[in-house]
Structure formats: C-alpha cells, structure tokens
Amino acid sequence: MMQMIMPWRHVFKLDPDKEISDEALDAVCMSGTDAVMVGGSSGVTFDNTVELLSRIRRYEVPCVLEVSDLEAIVPGFDLYMIPMVLNASDSAWLVGHHQRAVEEYGYMIPWELLVPEGYIVLNADSTVARLTGAQTELDAAGAAAYAQVADKLMSLPVVYVEYSGTFGDMETVRHIHRSLNGAKLFYGGGIKDADSARQAADVCDTIVVGNAVYEDLKQALLTVKAIKE
Ligand SMILES: CC(C)=CCC/C(C)=C/CC/C(C)=C/CC/C(C)=C/CC/C(C)=C/CC/C(C)=C/CC/C(C)=C/COP(=O)(O)OP(=O)(O)O
Ligand SMILES: O=P(O)(O)OC[C@@H](O)CO
Ligand SMILES: [Mg+2]
C-alpha cells in the first residue's frame with residue numbers, strides 16, 4: 001500500500017456530502033492529480049459514498065476512502081485511509097472508533113489496504129476540530145512533537161497536517177516535515193490556487209485540495225499544473 005502512496009504529490013479530496021456535476025467530476029478525475037480521496041467530517045453516509053465512488057470509477061485515477069464514519073465504509077476503494085487524531089481531547093478519535101470498527105468488521109478487514117494517518121488538526125475553527133475537541137493551540141515545536149510520536153513511536157506511514165478551511169502556517173509545516181524520518185507528510189487546508197499549492201508543496205510531500213473544487217474549480221485545477229510542471 002505504501003508503494004501506491006509514495007509518489008503522490010497532489011490529491012483532490014471530494015466530499016460525498018457535497019454536490020458535484022458530471023462535468024466538474026470529469027475535470028477533477030482527468031486533471032493529472034495523483035489520486036482522488038473521498039471523505040468529509042460530517043454528513044458522510046454509505047449511500048452518498050457509494051454514489052460518488054461509482055461515478056469516480058469511470059476513470060482510471062486511484063480512488064481512496066478516508067474513513068470518518070463507521071456506517072460509511074464501502075467496499076471497492078483502492079485504499080482505506082484511517083485518520084487517528086493525535087491532538088484530540090477525547091481518545092475516541094485516536095483509537096476508540098477504530099477499536100469498535102475492528103470489533104465489528106473483524107476478519108473482513110483487508111489490512112493490506114489500510115493506511116493509518118496521524119492527524120494533527122490545527123484550525124480551531126473547522127468542523128473536524130470541533131468534532132474531535134482538538135487541542136489546536138500548538139506552536140511549531142509542539143506540533144512537530146506530535147508528528148514525531150506518530151512517526152517514531154507509532155511508526156505510522158502518514159502524518160497529516162490538517163488546517164481544513166484555512167491556509168496554514170507554512171513554517172510550522174516545514175518544521176514538522178524536517179522532524180520526520182519515515183512518515184510521509186500530507187498537508188491540507190486552504191489551498192485554492194497555483195500559488196498556495198506551490199507554497200504548500202514546498203514544505204510537505206503531498207498536498208490535498210478540498211473545498212476549492214467546490215468554490216472555484218478553475219483555480220483548483222491549476223493546483224495540479226502548478227506542482228507538476
Ligand atoms: C469489506 C471492507 C472493504 C471493509 C473495510 C475495512 C475497513 C476500512 C475497516 C475500518 C477499520 C477502521 C479502523 C476504521 C476506523 C473507523 C473510524 C470511524 C475512525 C474515526 C476516524 C476519525 C478520527 C474521524 C474524525 C473526523 C476526521 C478526522 C475526518 C477526516 C476527514 C476530514 C478532516 C475532512 C475535512 O472535513 P470537511 O468536511 O471538508 O471539513 P470543512 O467543513 O472544514 O470543509
Ligand atoms: O478543504 P480544504 O481547506 O482544501 O482542506 C483539504 C483537506 O485537508 C480537508 O480535509
Ligand atoms: Mg471540506
């Protein structure tokens with residue numbers, strides 16, 4: 001599974017809870033992005049996830065599910081990204097829901113397709129921060145310490161710096177990146193055009209572009225070109 005993720009520099013994240021036209025989906029899937037990730041922090045259901053997966057499957061682009069709800073785990077994705085929120089105030093978001101999922105799915109779990117992500121949530125004003133009670137008041141050293149726990153103590157293959165909804169502090173992201181040994185660093189939050197894509201791509205391994213797809217698709221598509229040229 002890591003072989004698939006290793007070369008990724010750009011990912012579009014599509015939210016099953018949001019509408020996307022066939023034309024826009026075609027542009028996203030044919031954009032040259034490395035993968036399409038399906039996920040959101042609220043309103044994700046089995047039905048809207050199946051629907052989006054079946055539409056993306058018309059294309060060759062790798063399609064992965066970022067699991068956020070036990071009720072919305074749909075077979076047929078290339079990989080399953082499993083967020084573990086390192087700075088959540090309630091351990092349910094670190095391992096609790098995961099324990100329940102493993103108990104429920106048991107022998108059906110295709111372990112080789114699961115990719116755990118050590119999430120560090122840094123935008124206090126995001127749905128995911130509110131949901132998980134994330135302790136977002138961290139300086140660069142504090143955030144990097146979480147990243148090192150994920151990388152060096154937990155051996156997680158991915159650390160995900162999540163600023164969902166706002167463009168983050170790139171010096172913090174750079175500091176986190178430098179503190180990692182083996183884990184790949186994903187960055188997501190507020191990337192909305194070529195310039196923000198370049199800035200973020202400079203300080204992490206993989207950039208994730210979400211809301212821009214729904215807010216200004218033309219600019220969102222330029223984020224692919226910006227980091228692939
Ligand atoms: C047969 C078959 C295929 C079986 C599947 C096997 C499988 C995958 C089993 C699951 C194993 C497992 C351990 C699952 C974990 C279950 C679970 C519910 C874990 C909790 C995950 C978690 C911490 C969720 C919290 C929210 C979160 C971090 C979501 C990630 C996505 C995110 C932050 C999106 C941003 O949200 P958005 O809506 O865009 O936000 P804005 O409003 O700010 O834009
Ligand atoms: O929606 P945006 O702000 O682009 O963030 C992308 C992603 O990190 C959300 O999980
Ligand atoms: Mg979003």
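Modeller: A polar contact is a pair of N or O atoms within 3.5 Å; within protein, one must be able to donate a hydrogen and the other to accept it, and residues adjacent in sequence count only if both atoms are side-chain atoms. Here the Asp15 side chain reaches the backbone nitrogen of Asp17 at 2.9 Å. The model is predicted: local features need pLDDT of at least 70, side-chain atom pairs count only at pLDDT 80 or more, and totals for chains, interfaces and linings use all residues. Residues are numbered from 1 along each chain as its sequence is written, chains are lettered from A and ligands numbered from 1 in the order in which they are written, and side-chain values use heavy atoms, without hydrogens and water.

Biologist: Is Asp15 buried or exposed?

Modeller: Buried means under 20% relative accessible area, exposed over 50%, and partly exposed in between (1.4 Å probe, protein chains only). Asp15 has 14%, so it is buried. Ser41, at 32%, is partly exposed.

Biologist: Which residues does the UniProt annotation "binding site" cover?

Modeller: UniProt positions are given in the numbering used here, feature names are shortened, and annotations may be inferred rather than shown by experiment. The unreviewed entry lists Asp15 and Ser41. They span 27 residues in sequence, yet no two of their C-alpha atoms are more than 8.6 Å apart, so they gather at one spot.

Biologist: What does Ser41 touch, not counting residues up to four places away in sequence?

Modeller: Contact means heavy atoms within 4.5 Å. Ser41 touches Thr127, Val128 and Leu131 on that count.
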